Amino acid sequence: MNFEHTEERTMLSDGLRRLLGDVTDLKALARGDYGWSTDAWEKLAEMGVIGALFSEEDGGFGGAGFDLMVTFEEMGRAGAPEPLLEVVLAGGLIAALGADSQKEAIEAIIAGTTQVAFAHGEPGSRYDLARVSTQAEKTDDGWKLSGRKSVVTNGAEADLLVVSARTSGEVGDTDGISLFLVPKGTDGLDLRDYPLAGGGRGAEIEMTDVTLPADALLGEEGKAFEAIETANARATCALCAEALGLMETAKKLTMDYLGQRNQFGQPIGRFQALQFRMADMIVEVEQARSAVINLAGHLDDDRKDREIHVSATKQLVGQTVKMVVEESIQMHGGIGMTMEYDLGHFARRATMTEHRLGDALYHLGRFSRLRGAA
Amino acid sequence: MDLSYSDDHEAFRTELRTFLDERLPKTLADKVRLGKRLIKEDHEQWHAILQEKNWHAGHWPKEHGGAGWDAVQRHIFEEETTKAHAPRIVPFGVAMLGPVLMAFGNDEQKAYWMPRILSGEDWWCQGYSEPGAGSDLASLKCEAKREGDHYIVNGQKTWTTLAQYADHIFCLVRTSKEGKRQEGISFLLIDMNDPGVEVKPIVLIDGEAEVNEVWFTDVKVPVENLVGEENKGWTIAKYLLTHERTNIAGVGFASEALSNLRRIAGLEMQDGKPLIEDALFAAEIAKLEIALMAMATTNLRVVSAAAEGQAPGVESSMLKIKGTQIRQEINNLTRAACGPYAMPFVSEALEPGSNIDTVGPDYAMPSTAEYFNNRKLSIYGGSNEVQRQIIAKTMLEV
């Protein structure tokens, strides 16, 4: 057994920590529209971070679970809101299913010049990947899409959207879901863009008779579900690693604060009541780290084993996020609730990871169903 | 034991419901229900409507212009107004300063300030906390130096709720550095329009600036504005903190938030079914409901003892802890119930008078703001850690 990261990954991690320390401007985030920085994005691309999310055969130099873990843990540690998770989702789907001509986009994604988003969720679909009701109809020379996509992270900034739609079957069926490449500015796409509580931006997308050429179809018609689930598993690993990084920073800020803040004539960290709670937090964050390692190490397992790890990790990380966020704010007192102080950003961003790819309660149920069927 | 309300109390509840039905403006109730932010005029409007019945300060004795409610009536009032989505009564004048003046003020102070609280002429805020004096309030530094017939005040207060609306602030100030820290503190009333008073907003993680820093630079305050004796303000502070904490359990808020949660969980769909039919989610709601049922009774036990004239002691600490835990958990589950639509955050859409649509269902976006805003419940008014310390100190004989 060896729980050390490889030398390459350690270098990636160290380099990323230095880079993000310089380019992540939390104060600007809190003041502004909660969007992300194009400057930071360019630097991420320059450093090769986007390439680390793709395998060598897809033009990258990584793409394994532990590459995702290292990269996203650092993104979280810095509180960086740049839309890297969308690369794992949309970029991952293009890599998995794309024809050669479609895969050409990956080069531009890795170079940082093409922004992507995965338009999959719909009002009422919540976290169920098969609940697609957007319709795609075959026409003489291509496709016609109609429907609505909700809370599409990076939707408005994306040059290229990967959109899911149903070409057959009923809402909830895993069969019959297809994916389409939709370039920015395509007629019939109506976007409403807005800030997200945890940083970054989202969009509501209304599609009315969006006309697409035949080669917009990504992969085989009606057979996209398996690839969506796989991309989702990878994204869950990335998101959980990001949550871990966010928690590491919240934990560090809280430990520092316990040493600095004086009440009743001494640093509050001298009070046993707070020491025990801090100790519990430290234990739980280590548990979360192990959970992320578990998922990263099982991403290439068979579907069922992999999904058991997806739900186990997301459940545990979600539960820990709640504890760390609430305890960090509480132990800070009022200052922990202010936008001015960094903790607030980490608290919001960490909490919002619960609203993507399924929350702790959702995955508790899913885990027990998956285990029960064993 | 008898768990039912008396006929008189039931009659009061009926009267109150009719009043709320007829007099609470729908626009105001909708704002509260949808989690929109209220502005000063909203509070003033509701204050004026309540005052037509003498109900703004219902719990004040009749001789001071109140309606002379007992603790049970006051509880019924809080329960019913919350259920009807009335704005909460801003407590600083009516629930905090009023009782202090009744107990410690001189005749001139009572005659001058109390009618102005009832009429709403003065908007008060509370100047207790300082950057270095939160839970350890006795270490406060904001200084008032006597010079002739004035105090000269210098220093800073923080976490001052709604100071942006206030024209007056009641402050704990340091008038002596001799002896025990608690013995050099005085209770002073300050006009915020006086030169040298500055208010700076603090934006919180829910995106709103409901709290402020208040700075004093050589502010001249007439000595008539000292309440009680000089250097004896600690007694007043303690009186306020332990005896006049009202609605600390927040049963009404919790019940209302819980029915909102049930409504949302009935509308949100998971796997093609209403979320509330999900066994795990339903179990989480059930746990909270069970806890709330017990807490409501704990609260009534305290209310009823108070109506009999007993001063609540350690019970108010218990209610603070349990009540805030339950409310925060309801907020947490409500945010969770909203699913991905808890993420959009168009802060302006929550602002008064905004025509900007929220994103997703109307209940979703305020749920995140409320979750973060209500992290304060376990921090302010003596953090839950301080309450635990009080319970332990009172109950453990070590």
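At 48% relative accessibility, K223(A) counts as partly exposed, a class that sits between buried (under 20% relative accessible area) and exposed (over 50%), with a 1.4 Å probe and protein chains only. The side chain of K223(A) meets that of D175(A) in a salt bridge, 4.0 Å from N to O; the term stands for a side-chain nitrogen of Lys or Arg within 4 Å of a carboxyl oxygen of Asp or Glu. This pair links distant parts of the chain, 48 residues apart: K223(A) belongs to the loop between β8 (217-218) and α7 of chain A, and D175(A) to the loop between β4 (160-166) and β5 (177-183) of chain A. Helices (H or I, at least four residues) and strands (E, at least two) are DSSP runs, numbered from the N terminus.

The model is predicted, so local features need pLDDT of at least 70 and side-chain atom pairs count only at pLDDT 80 or more, whereas totals for chains, interfaces and linings use all residues. Residues are numbered from 1 along each chain as its sequence is written, chains are lettered from A and ligands numbered from 1 in the order in which they are written, and side-chain values use heavy atoms, with hydrogens and water left out.

Over all chains, the structure holds 49 salt bridges. One of them joins K251(A) and E248(A) at 3.2 Å, N to O. Both residues lie in helix α7 of chain A, 3 residues apart, or about one turn of the helix. K251(A) is buried, with a relative accessible area of 9%, and E248(A) also counts as buried, at 10% relative accessibility. The two take part in a network of salt bridges that also links R17(A), E73(A), E74(A), R77(A) and R289(A). In chain B, R13(B) forms a salt bridge with E79(B), their closest N and O atoms being 2.9 Å apart. Here helix α1 (residues 7-23) of chain B supplies R13(B) and helix α4 (residues 71-83) of chain B supplies E79(B), the partners being 66 residues apart. R13(B) and E79(B) are both buried.

We turn next to the interface. In all, 47 residues of chain A are in contact (heavy atoms within 4.5 Å) with 53 residues of chain B. The area buried between the two chains is about 4000 Å², of which carbon and sulfur atoms give 60%; buried area is the accessible area (1.4 Å probe) that two parts lose on being put together, summed over both. In chain A, the residues losing the most area to chain B are R126(A), M337(A) and H355(A), which together make up 19% of what that side buries. The rule finds 4 salt bridges across this interface, and the side chains of K322(A) and E329(B) meet in a salt bridge of 2.7 Å, N to O. The elements giving two or more residues to the chain A side are β6 (189-195), α8 (272-298), α9 (303-332), α10 (343-352) and α11 (360-372) of chain A.

What, finally, of the nonpolar cores? Each is a set of buried Ala, Val, Leu, Ile, Met, Phe, Trp, Tyr and Cys residues joined through side-chain atoms within 4.5 Å. The largest has 141 residues, of which F54(A), F72(A), L93(A), V162(A) and F281(B) touch the most other members. Helix α7 (residues 225-260) of chain A gives the most to this core, with 19 residues. Not counting residues up to four places away in sequence, F281(B) touches L361(A), L261(B), A265(B), L275(B), L333(B) and A337(B). Apart from this core lies another, of 53 residues, among them A95(B), A166(B), V227(B) and I236(B).
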